[in-house]
Amino acid sequence: MTSSLAKPQMVIYMRNGVEIWLDEEKAIMFGEDWAKETNKRIFIEGRFLNTVDIVGIFKPTDMEDLKKRKDGWFKCNKGFWHGKNEECRGHREPETDKYEKMQISEEQSLKNTESIKKLRQDFIVQNSLEELGWKK
Ligand SMILES: [Zn+2]
């Protein structure tokens, strides 16, 4: 159902907890009808609905949030979900930010590698000369 080819879905959520999933286009058309005429019975997706019993027409993500809240989860002010018995102890800066700050160009990276190689070589040469008693 959540394949990338699937049409975007929406959910008619009823007061009794029933969820009617349908294509977004259809949901919007239905929603427009619903907004125009209240207190009406509508036939949709093989069901007759009393439109006064509709809580709303939601996106799947809203339904996920709703389910989480029902299970006792809560969203903290940083926008993260926390479980029932969990408390928010703050959140670290996203790792990606740190990496972005550390990013250097490929050119610079090659230069750095070269200088390290050169330093190492000089060090080895220096040490060998000292070992041989040939100080520079
Ligand atoms: Zn938090």
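1. Two residues count as in contact when their C-beta atoms, placed from the backbone, lie within 7 Å. On that basis, among contacts between residues at least 6 apart in sequence, 34% join residues at least 24 apart.

2. Some housekeeping before the details. This is a predicted model, where local features need pLDDT of at least 70 and side-chain atom pairs count only at pLDDT 80 or more, while totals for chains, interfaces and linings use all residues. Residue numbers start from 1 along each chain as its sequence is written.

3. Overall layout: the chain has four helices and seven strands (DSSP runs numbered from the N terminus, H or I of at least four residues for helices, E of at least two for strands). Reading from the N terminus, the order is β-β-α-β-β-β-α-β-β-α-α.

4. S1 (residues 9–14) and S2 (residues 19–23) are antiparallel, paired over five bridges; for two strands to pair, DSSP has to find at least two bridges between them. Ile 12 sits opposite Ile 20 in S2.

5. How much of the chain is buried? Of the 136 residues, 4% are. Buried here means 20 or more other C-beta atoms within 10 Å of the residue's own, exposed means 12 or fewer, and partly exposed is in between, with C-beta atoms placed from the backbone.

6. The largest nonpolar core has six residues: Met 10, Val 11, Ile 12, Ala 27, Phe 30 and Trp 34. S1 and helix H1 (24–36) each supply at least two residues of this core. A nonpolar core is a set of buried Ala, Val, Leu, Ile, Met, Phe, Trp, Tyr and Cys residues joined through C-beta atoms within 7 Å. Setting aside neighbours within four places in sequence, Trp 34 also contacts Thr 51 and Ile 54.

7. Have a look at Trp 73, in the loop between helix H2 (60–70) and strand S6 (74–75). Trp 73 is partly exposed because it has 14 other C-beta atoms within 10 Å. Not counting residues up to four places away in sequence, Trp 73 touches Lys 68, Trp 81, His 82, Gly 83 and Lys 84. Lys 84 is 11 residues along the chain from Trp 73, with 5.1 Å between their C-alpha atoms.

8. Finally, H4 (residues 106–131). Its 26 residues reach 37 Å from first C-alpha to last, close to the 38 Å expected at 1.5 Å a residue, that span being 1.5 Å times one less than the number of residues. The number of buried residues in H4 is zero, so the helix lies largely in the open. After H4 comes Gly 133, with a positive phi near 80 degrees.
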